[in-house]
Amino acid sequence: MTKCGVSVLTTGDEDEVSSCYEEHEWGKNRVKGREKEREKKKRGNARKKGASRAGRGDEELEERAERGEKGRRRRKRDNHDGKGRERDEEEQAEEKSGRAAKNKKNLKNERTRKMEQEERDTEEGDAKRKKKNESAKREEKKEDGGKRAVKEKANAVKTKKHKKKVETSEEEDVEEEEEEEKEKELRPESLSPEELEKLKEAVDEKKKLIQTLRGKPWPMKKKLSTLRESQEFLEKYEGALGKGKGRRLYAYKVMMTKKWMKFQRDFENFKTACIPWEMKIKEIESHFGSSVASYFIFLRWMYGINMILFGLTFGLVMVPEALMGRPYGSMPRKTVPRADEASAMDFAVLWDFGGYAQYSVLFYGYYNNQRAIGWLKFRMPLSYFLVGVGTVAYSYMVVIRTMARNANESGGGDDNSFNFSWKMFTSWDYLIGNPETADNKFASITTSFKEAILEEQESRKDDNIHLTRFLRVLANFLVMCCLAGSGYLIYFVVRRSQKFALDGLDNHSWWERNEVNMVMSLLGMFCPMLFDVISTLENYHPRIALQWQLGRIFALFLGNLYTFIIALMDEINLKRKEEEIVKFNMTVWEASLYNGTVPENSTAPPVTIHPADVPRGPCWETMVGQEFVRLIISDTMTTYITLLIGDFLRAVLVRFLNYCWCWDLEAGFPSYSEFDVSGNVLGLIFNQGMIWMGAFYAPCLPALNVLRLHVSMYLQCWAVMCCNVPQERVFKASGSNNFYMAMLLVILFLSTLPAIYTIVTIPPSFDCGPFSGKSRMFDVIQETLESDFPAWFSKVFSYASNPGLVLPFLLLMVLAIYYLQSTSKSFKEANVELKKKLQMQNEENKKKSKRAALKAAMDLEEARKAMTQNGRNATPLLTDQEGQLPATRAPVPRTYHHGNHGAPGYLPGIPRQTEARVHRAPSLQRH
Amino acid sequence: MGTTASQLGKDLLSEYQELTFLTKQEILLAHKRFTELLSKEDKALPNPRIPMQSILTLPELKSNPFRKRICHVFSTSDMKDGSLTFEDFLDLLSAFSDSATLEIKSHYAFRIFDFDDDGTLDVGDLEKLVNCLTGETDDTRLTPDEMRQLINNILEESDIDKDGTVNLSEFQHVISRSPDFVSSFKIVL
């Protein structure tokens, strides 16, 4: 029972499964009351076919041979029932050519031997089948027959389970053709329910065959003919299923499924046509290999996510507020203060997102705290809050899902067990279409081979380990210094900028105003270079060095970001103090206003005051949003400018100065730049982190980011194609995919932390934003629960949020996680165990087959002796079996294995082999 | 078979879609590229073949060290000259397409690496494979010692039944664990 299952588990070799499947099929066939003799013949042929696959190598030849056999078989069959004449002719022609090929090949000695092997296999199989058949048919109580039957049944059960995964093999195809033939003899009208059932099964199998056909390594001609055959069959018999009304219904269903399939296919086509930048990325892929393309795919993926975030914020927050909220100038928070009015439209101010930009839907402060707006009664504050939460939740979901999928795809397999083989078999990137890249790839493969060999030879070559250690420690120390220095610099700059801000921005130069962002961008630009220089001290393997480098840049960015946030927090606290004062002043001002106006007009004194004149708080939320937006803008600008200067200008200079320079610029020092995949990916990740952090306070951020990514896509595609050269060290993309994803997840977590912290702990400003007047932002949920839902709901909710319920729930989740983890661990252990078993079994198999081969050789010796004694008797036997007998005279054990293991249905190791061996041993002895 | 006209029949197109991992656009593109490669007199033939030499001029294959093997593997020609019909060409593209399964990819990869077409990767095949991977120039070639070491290591890892060769199932076993085989075994027109 476990046999098929084991093989599926361990290697997923589907051929193996399908061979089990085949066995099951045999069993089924046997049940059918068919003439025994003919059955046997067919089976022999089919078996031959299967066995002839054993050699695999001579694929073409075999295919031909198979076709020939098929034809032969068909002819026999056609003699019986006289059908399918045309097809037969075609097959015959094929058969002829197949024979010709065979003859040609037969000249070659080795090949023939192999063929003989196969054929011997065939014979054995034949004999085996015969035996099996007899035993099962007559229900003789032969021990081993019974056992086999049980085994087969078990196999059948197993295979049913795996059916979906199963790539049906050629044998199955043969099977089906046979079945088809049989079914053709049945008249649809006179079908018993059983037969109908069988027919249905056959039809279903045909359908499955059609579906899996594309996954078969056959030449197109064969696939086409099989497809046509099966479709013909389907058309003929699908209608036969069901009676009367049922039949019509069935036909209708079939038609609908056909239509549905077609629609699905068209939809698939449409979908692939809709994927943006596919051609661009493919072009890059073919020039630079998959690693550079992986960056662009990542960029596209990011673009997709940002599109959705943008859709959420734009559709549910910005547009409703702009359309249905109170218009600009209707209230203080929606009006530019009097003092700033003069400069509110200046480009410099707008560029800094001050002035009119600040008092617009782009920022938190503009939103009104009115519970429901417009004729739709749109719950604006609630929507704002939920969109903020939804953005984060969606991002988590997507990132984690992608990570899980990637992990699945990579199999998470045993990392180093096939180190060399992977280098050998999978290191070539077939996408490379550029000779230069190909040369680089050759070089990198060679070095990787050499390195691997060296590592293997002397796994620890310690030439002055102390020096290396010292250098590494030194390098890390330097890096730490850099990180600390950059952190301090940012903190210093942010504090200074606060001082400037207090003084009033107008008194300072452009540099002083933009100091923070510029310093951050510059640090982000130059520190990685510094790290690169430092890392040469360490003398690591390039791959490890790359990881260190990535880790360090990551730490740098993270440190910078967090310093920035801490400085922002300071500023928030300052603003809140300011707010207290303003609040106090407000009451005084209002009182004075009130006192002053009361005598004249008691009904509407505030109306006379223009909203621009009303004093207002500093609104720290908008300030935070502005900071982030500015950061993004300056970051984007730096990226683009570096791209233009570092890549494009450099390329132009190198190209044109090369005509009049003393050394070769293209090959020598400056040369062209490489595309820095890891740096770019990191940049993208951090950019995204800032979006996540700031999106709550500046709903325009996703929109900005979409714009940025869009431009990036085109600009970078262009830059890569026109001014970069392929990397010298060509890395594979997929290995690092999840590494990037993991970083993205970390960033997501780290960037939501401060955002959530501010939302939860700091009370919102009193006079701006959708939550003004509440003590905490999340109070909006409670408010909604109380006023918009029935009373029982809020009661239930309050019960549910009771710690007594939440804590057990959390505990349960932790337990579930623990349980899942431990089961996965045990599965892994089971895997290892199974692998061991496989190896053991293999050893055993080998021993057994060796013994069997020896025995066969001895038997053959005897047979030969016997034959020499009465040679005349032996000749008819020879012709009878189409010269297959000599095949058995190849008792060289090695080649024997050869044929045996070459059979695609056979996994290395493998239970099925043992089974086969068990049957085969007696049949061998008979020779 | 009906691919004679410069345009593909609708039925045939849908059949090709059914039988390959390619989308309609890709098939049409493939057909376009294929007819571009055909010479004038070939176009008149009912089932034209492109000789290997002109297949190899495709930029997608030009710098591939296995280009000749690829042609040989996918060719259904009786002459063993590596020439491709349109259907062979589609087979090729299908196996190398994005959505092809690991099984089919590994199957063809095995046949591509099996230089002497004997159904197993023996030492000779592996040597040729290494030489293909390290390029034609002498400075990137491995020394015989290194080669021996490398091949021994490979056999140690992947030759599970220890018969001195790597067969298809062993190969698929190894490949199925590899993280980047599927992503790199791709050719896109």
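Buried area is the accessible area, taken with a 1.4 Å probe, that two parts lose on being put together, summed over both. The exercises below use a predicted model.

**Exercise 1. The interface between the chains**

Describe the interface of chain A with chain B: how many residues are in contact, and about how much area is buried?

Solution. 
- Start with the residues. On chain A, 82 residues are in contact with 89 residues of chain B.
- Turn to the area. The two chains bury about 7700 Å² between them. Carbon and sulfur atoms account for 58% of that area.

**Exercise 2. A helix pair across the interface**

Classify the crossing of helix 17 of chain A and helix 9 of chain B: roughly parallel or roughly perpendicular?

Solution. 
- Take helix 17 (residues 419–426) of chain A and helix 9 (residues 123–134) of chain B. Their axes come within 9 Å and cross at roughly 65°.
- Angles of 65 to 115 degrees count as roughly perpendicular, so helix 17 of chain A is roughly perpendicular to helix 9 of chain B.
- K423(A), M424(A) and F425(A) make the contact from helix 17. L126(B), L129(B), V130(B) and L133(B) make it from helix 9.
- This contact has six nonpolar residues, no polar and one charged.

**Exercise 3. A helix pair within chain A**

Classify helix 13 and helix 24 of chain A: roughly parallel or roughly perpendicular?

Solution. 
- The axes of helix 13 (residues 290–324) and helix 24 (residues 677–694) come within 9 Å and cross at roughly 10°.
- Angles under 35 degrees count as roughly parallel, so these two helices are roughly parallel to each other.
- The contact includes F298(A) and L299(A) of helix 13, and L684(A) and W692(A) of helix 24.
- By class, the contact has 12 nonpolar residues, five polar and no charged.

Note on methods
Residues numbered from 1 in each chain as written. Chains lettered and ligands numbered in written order. Predicted model: local features only at pLDDT ≥ 70, side-chain atom pairs only at ≥ 80, totals over all residues. Heavy atoms only, no water. Contact = heavy atoms within 4.5 Å. Axes fitted to C-alpha atoms, helices over the stretch in contact; angles between N-to-C directions. Helix = DSSP H or I, 4+ residues; strand = E, 2+ residues; numbered from the N terminus. Parallel < 35°, antiparallel > 145°, perpendicular 65-115°, else oblique. Nonpolar A, V, L, I, M, F, W, Y, C, P; charged D, E, K, R; others polar.
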